[in-house]
2 protein chains.
Amino acid sequence: MRVDGKAFRTIWVADDGQSVEIIDQTRLPHVFEKVTLSSVAAAAHAIRSMQVRGAPLIGVTAAYGVCLALAEDASDAALDAACEALLATRPTAVNLRFALDAMREAVAPLPPAERREAAWRRAGELADEDVRLCQAIGEHGAKLLHAAAKGEAPLQILTHCNAGWLATVDWGTALAPIYTAHEQGLPLHVWVDETRPRNQGASLTAWELLQHGVPHTVVADNAGGHLMRAGRVDFCITGSDRVAANGDVCNKIGTYLKALAAADNGIPYYAALPYTTIDWTLADGDAIPIEERSADEVGRITGRTDDGKLATVDILPAGSPAANPAFDVTPARLVTGLVTERGVCEASREGLLGLYPERR
Amino acid sequence: MRVDGKAFRTIWVADDGQSVEIIDQTRLPHVFEKVTLSSVAAAAHAIRSMQVRGAPLIGVTAAYGVCLALAEDASDAALDAACEALLATRPTAVNLRFALDAMREAVAPLPPAERREAAWRRAGELADEDVRLCQAIGEHGAKLLHAAAKGEAPLQILTHCNAGWLATVDWGTALAPIYTAHEQGLPLHVWVDETRPRNQGASLTAWELLQHGVPHTVVADNAGGHLMRAGRVDFCITGSDRVAANGDVCNKIGTYLKALAAADNGIPYYAALPYTTIDWTLADGDAIPIEERSADEVGRITGRTDDGKLATVDILPAGSPAANPAFDVTPARLVTGLVTERGVCEASREGLLGLYPERR
């Protein structure tokens with residue numbers, strides 16, 4: 001997608017063919033800065049510190065992390081160690097495990113001397129596939145948005161966290177339908193949940209939409225319920241970090257509250273995700289591990305001072321503890337449907353199996 | 001309540017008997033600073049700028065504002081102008097109208113020369129009455145907490161915004177039962193919603209609880225639903241800015257989302273409020289005016305830098321708009337009960353009339 005009019009992906013192979021470049025998402029929306037990853041440790045750090053985040057992008061970054069590991073040492077032991085280190089970076093998004101399994105499958109059977117080239121090829125395929133998946137999600141989801149439109153007035157869409165192109169390689173999951181419908185001329189407006197404590201909505205979703213000229217308004221996470229009761233939201237859509245086989249949706253903390261409000265007001269709530277986010281091994285969402293992140297993310301916040309510098313401030317009383325669960329699970333009963341690269345289905349085992357019959 | 005061990009109210013008559021002192025709540029939790037109000041304009045500014053906030057405290061501050069106006073000019077015209085200016089400061093809390101009506105009733109029938117003394121006396125009575133109301137709410141609510149306790153483990157209570165002593169003259173509404181039960185020895189722990197965008201939970205509730213040694217943990221507003229699903233919340237309680245005659249509860253933006261989650265998980269949700277918060281003129285909550293505050297409250301945040309200074313930072317992309325509705329309405333069907341100075345009732349017309357039969 002475009003940044004100051006120029007097309008970017010969130011991750012790409014550097015000109016030297018030996019390293020990977022990313023956009024440092026911890027600096028947005030204040031500073032647009034690229035970072036070069038030259039080792040598996042750097043890739044693991046980028047995921048853990050959330051320089052890259054979003055389930056699909058975490059997966060692709062991990063795939064490139066395997067390439068960087070093999071460039072140093074292409075042995076079985078190095079492959080195992082790299083996969084273990086990368087898998088441990090973040091617990092909730094299942095795309096990470098998917099990407100590492102795909103990389104291992106592509107390189108493990110080969111003699112070490114052939115692994116490097118195969119790894120770069122496979123990681124590139126995974127990145128390109130992610131773009132195609134998101135484009136397809138955009139097309140299927142845009143049809144839902146057109147169907148929900150009511151005459152001339154802009155369709156009012158609420159989203160939580162960032163499931164835009166910054167969360168994937170390009171296009172996004174929840175935002176792909178919005179970009180697609182916007183480019184097709186559908187009048188729409190996006191309510192952007194701030195998404196405390198890391199503010200991915202205020203920092204990333206708002207920035208993306210601003211760059212692309214999509215009308216939007218940032219609101220505190222608390223506001224969505226009121227907006228829905230007041231008839232000011234027509235459609236809710238988010239991404240997901242892991243969908244269980246029964247359609248339960250794990251996503252950024254706070255998603256469950258918006259799904260409750262949508263259900264209470266008869267507003268559709270969809271989750272948009274590629275097949276790499278579906279965890280067929282889990283019968284329901286209660287078994288999904290919920291990452292507990294640092295309390296500092298609640299107590300400290302970074303922004304621009306009036307003289308344009310970045311500053312980090314403490315907002316809690318010194319001595320008050322904080323807790324920071326990063327995800328929650330929305331039961332399938334609150335999810336109107338799932339939008340995947342294959343189409344739209346009910347959030348249920350039967351719905352998912354209808355789109356993925358090979359999993360029967 | 002205590003600040004560094006010393007007892008304070010949130011508002012009191014200064015030693016000169018001619019002005020009023022308040023705690024500047026916009027500076028908490030970083031700086032504890034008193035401000036002297038010497039004119040009705042200063043009182044109106046204190047309410048509008050949220051140096052004082054919380055429905056009961058807004059009412060008492062307005063009452064003292066009338067005293068300050070009459071000290072300058074005790075005419076009918078001055079009384080009218082003062083009441084009009086004070087009533088316009090904030091639209092949602094009905095306690096403001098209650099206090100101004102009470103002041104007018106006390107002074108308007110008197111000749112101007114007798115109004116000043118009567119005004120100070122009546123405002124003092126309103127302040128003292130607020131303390132008694134909150135103490136009674138604390139006693140009734142504490143019984144609910146004891147009844148909800150399960151053996152030795154601390155009772156897990158979630159609250160939203162600040163309805164503590166800082167929101168009233170002393171004790172608080174939602175926090176009064178917590179302080180009372182804590183002093184009675186009930187083991188408890190409070191989950192404190194940060195309460196974006198003005199962070200009254202993180203800034204004020206956490207600070208109050210810390211000062212009083214009540215165990216607590218601050219969480220992002222997004223976290224409460226997850227904590228409830230995970231069985232980590234036993235009881236929800238908030239204050240209210242206005243309760244309609246049918247029991248609908250208007251309170252800080254985001255309360256509705258927590259009430260939905262409590263209902264979805266079979267957890268009781270109570271609102272605690274004095275009779276001055278009940279608006280018998282409104283059949284239901286949909287007619288309550290919802291204050292729309294400045295977008296700057298969403299986009300800018302103040303905290304302490306690492307060198308101990310206060311700094312304000314911008315957190316949105318330059319160019320992204322924000323919206324800031326300050327309250328929402330929780331339908332009575334989601335409210336387990338109302339705790340008032342007279343006891344606990346169902347959130348319904350019949351429930352309220354049971355406690356206030358003189359309103360039949």
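**Note on the interface of chain A and chain B**

1. Chain B can be laid on chain A with an RMSD of 0.0 Å by a turn of 180° and a shift of 0.0 Å along the axis, and the two copies are thus related as by a two-fold rotation axis. This is a predicted model, and the points that follow should be read with that in mind. Of the residues of chain B, B:Leu257 comes closest to the rotation axis, its C-alpha lying at 2.9 Å.

2. The contact draws 63 residues from chain B and 63 residues from chain A. Since 100% of the interface residues of chain B are also interface residues in chain A, the copies meet through the same surface.

3. Between them, chain B and chain A bury about 5,000 Å², with 57% of this area on carbon and sulfur atoms. In chain B the residues that lose the most area to chain A are B:Asn222, B:Arg229 and B:Leu257, which together account for 15% of what that side buries.

4. As for polar interactions, 30 residue pairs are in polar contact across the interface of chain B and chain A, counting pairs with both residues at pLDDT 80 or more. The side of chain B that touches chain A is made up of 32 nonpolar, 18 polar and 13 charged residues.

5. Across the same interface of chain B and chain A there are 8 salt bridges; the side chains of A:Asp264 and B:Arg333 also meet in a salt bridge, at 3.0 Å from N to O. Elements of chain B that each supply at least two residues to the side touching chain A include helix H7 (200-212), helix H8 (224-229) and strand E14 (300-304), while H9(B) gives the most, with 6 residues.

How values were computed. Residues are numbered from 1 along each chain as its sequence is written. Chains are lettered from A and ligands numbered from 1 in the order in which they are written. This is a predicted model: local features need pLDDT of at least 70, side-chain atom pairs count only at pLDDT 80 or more; totals for chains, interfaces and linings use all residues. Side-chain values use heavy atoms; hydrogens and water are left out. Contact means heavy atoms within 4.5 Å. Buried area is the accessible area (1.4 Å probe) that two parts lose on being put together, summed over both. A salt bridge is a side-chain nitrogen of Lys or Arg within 4 Å of a carboxyl oxygen of Asp or Glu. A polar contact is a pair of N or O atoms within 3.5 Å; within protein, one must be able to donate a hydrogen and the other to accept it, and residues adjacent in sequence count only if both atoms are side-chain atoms. Helices (H or I, at least four residues) and strands (E, at least two) are DSSP runs, numbered from the N terminus. Ala, Val, Leu, Ile, Met, Phe, Trp, Tyr, Cys and Pro count as nonpolar, Asp, Glu, Lys and Arg as charged, and the others, Gly among them, as polar. Copies are superposed by least squares on the C-alpha atoms of residues with pLDDT of at least 70 in both.
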